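Please consult the sequence and structure shown here while reading.

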Amino acid sequence: VRVALVGAGTMGTVHAEAWRRLPGVELVAILARDPSPLPGRLGVAAVSSWEELLAHGPELVDVCVPTDLHPAFVLRAAAAGLHVVVEKPLALRLEDGRAMIAACAAAGVRLFVAHVVRFFPEYARARELVRAGAVGRVGVVRTFRGGGPPRGVDDWFADPARSGGPVLDLLIHDFDWLRWTLGEVRRVFCRVADGRHAIATLRCADGAIAEVTGSWAHPAGFHTAFEVAGSEGLLAHDSRRAAPLTLSLRRPADGGGGTAVPAAVAAQDPYTRELAHFLACLRDGGEPLVTAADALAALAVALAASASARSGLPCAPEVTEP
Amino acid sequence: VTPLPVGILGAAHPHAAAYAACLGRIPGARLVAVADPDPARGAPLAARHGARYVRDDDELLRQPLAAVIVCSENARHAGQVMAAAAAGRHVLCEKPLATDLADARRMLAACRRHGVQLQTAFPVRYHPAVAAARAAVAAGRVGRVLAMRGSNRGRMPGLWFADPALAGGGAVIDHTVHVVDLMRWFTGAEVAEVYAEVDTRFHDLAVDDAAVLSLRFTDGTIASHDPSWSRPAAFPTWGDVALEVVGSEGVLHVEPMAQHLDHYSERAGRLVHAAWGDDWDPLMVQDFVDAVATGRPVAVTGEDGLRALEVAIAAYRSAAGGRPVRLPLPDYAPP
């Protein structure tokens, strides 16, 4: 499969490296607005325009640009008859998300949305246990996801008109995992502090209560945690206590920078696993673990949370499919 | 100096035994008598500490006491605190201060009218880690406080705690007040708005056992709190108390119960936390006794108890109405 990548930022780099690990994939071009070391490092053609990208004959386009640019690139790819992988969130507005899904369907191309948390083994395992009844009836779920402020090109994360803020960029991961694990969200109430720390309180359709916190104000570094309390048990995870490998250096090799991407220690990292899964779905026509409809539904929950934060009232997510 | 004579008014709450033991260890105080309508509950406790057991509250208040510790069921606090105040006894009252705001207000008024002090039993404030955390926040170490995240989860306590008439509610009234007190103490701000999801999900009870509270403070700080009775019997200890403070310049996490050994017990068949940190109960009882003995104001007041109770009550009202609730509540009257 010939893959072209749009965007050479943090997620573009992660995806480019993952594509390179997958057999049967040829990364044919990387479209970057600004000069980037990534194409040169990977020995991939650097292109600076969509037309140039098309000239490399890709079959699939992987869209890893700031969220506000997702719709335009996905619609272009669909119009060109190319399959699409797009970073989460799908879009910043439901109407954009619907248009993207409709355009891909009309063009007969696949649309895969990179809700990577479903490919993190700790989240997948917890979901599997919860659904097998390991904690009985779920009462209260609490999740945390956060770290320092993400750094992107033009500081786009800090602009809510481009990233949707922590609710659309960060909390949406856990909203998707909650839907996947417990089913639909009935209502959400949300507060946001200083545009960089968000607390959402949710009620799921089955009655479970959830609190989802996402933060760009945790300077100690990116980490995730969740707890699922039920009538017959309690499941807890904290990435800070789950490191199978630590390395303490007298002189840190790297001062840090960019957007925090969780370090995974696994035979196949979650990003590679995710893209390999999308590739398999593309080849065999199967349904992905996370569908575009799921991405749209998670977006609806995140938009309801944002609306709640603005109105100060609880909000029911828009129903995005029958 | 003669030790301060103290009585225990009501032994329904398990803390009665803990506070009695504290009084036995404090040089400046002496447990004189224990009153409880149930001799099976009150008599052994009194006997263990060489104190007199009385069935009747009035009989206890006729003893020459300087102060009483009220450890009855939540719904009985109000009557007992008002009786103690009328008898001129200073009061340390178990939390929650009362089961409704009108009762709590009457308790504060009675203590004021009779010139006695009323302290609410919020012992968590006395743990050195918590005191140090408060000092760090007050000194601006985390910058401007943006948000807080509290936890005070426990096992289902059983006894009368799940009887709505005696407890005034379930997990929310039981486990909201400690951490809300810390949040108020850390920020110096009051809760301005409460939204809550409240339900009964873990046990077959007539009261709530599952909840999440979302708070906004008068200074703009936002917070969440989980007061659920969500710890299974297999959990290594009774529960937890934790508070994370997210500021513009950093994050502080305080969890006094982190001071424990991991005990993998064959006998228990599970992991058990063996706590080794400072016990906050004697620190609180000592401070109350010192305040009464010296006449200085108590460190944690009846108003602190009333404010925390108001948040729990607001959580119930928010859940019932499906909307955020503004504070002060209409039936809250500042002392």
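A salt bridge is counted where a side-chain nitrogen of Lys or Arg lies within 4 Å of a carboxyl oxygen of Asp or Glu. By that rule, nine salt bridges link chain B and chain A in this predicted model.

**Charged and polar pairs across the interface**
- One of the salt bridges joins Glu227(A) to Arg153(B), with 3.3 Å between the closest N and O atoms.
- Polar contacts between chain B and chain A number 22 residue pairs, both residues being at pLDDT 80 or more.
- On the side of chain B that touches chain A, at least two residues come from each of strands E7 (145-151), E8 (191-199), E9 (210-217), E10 (222-226) and E11 (242-247).
- The residues on that side of chain B comprise 18 nonpolar, 12 polar and 12 charged.

**Extent of the interface**
- Chain B contributes 42 residues to the contact, and chain A contributes 38 residues.
- Together the two chains bury about 3,100 Å², of which 55% is on carbon and sulfur atoms.
- Arg149(B), Glu197(B) and Arg201(B) account for 25% of the area that chain B buries against chain A, more than any other three residues.

**Helix H6 of chain B**
- In helix H6 (residues 128-138), the buried residues are Val130(B), Ala133(B), Ala136(B) and Val137(B).
- These buried residues line one face of H6(B), because they fall within an arc of 120° when seen down its axis.
- Their packing partners in chain B are E7, helix H9 (177-187), E11 and strand E12 (251-254).

Methods: Residues are numbered from 1 along each chain as its sequence is written. Chains are lettered from A and ligands numbered from 1 in the order in which they are written. This is a predicted model: local features need pLDDT of at least 70, side-chain atom pairs count only at pLDDT 80 or more; totals for chains, interfaces and linings use all residues. Side-chain values use heavy atoms; hydrogens and water are left out. Contact means heavy atoms within 4.5 Å. Buried area is the accessible area (1.4 Å probe) that two parts lose on being put together, summed over both. A polar contact is a pair of N or O atoms within 3.5 Å; within protein, one must be able to donate a hydrogen and the other to accept it, and residues adjacent in sequence count only if both atoms are side-chain atoms. Helices (H or I, at least four residues) and strands (E, at least two) are DSSP runs, numbered from the N terminus. Ala, Val, Leu, Ile, Met, Phe, Trp, Tyr, Cys and Pro count as nonpolar, Asp, Glu, Lys and Arg as charged, and the others, Gly among them, as polar. Buried means under 20% relative accessible area, exposed over 50%, partly exposed in between (1.4 Å probe, protein chains only). The arc is that of the directions from the helix axis to the C-beta atoms.
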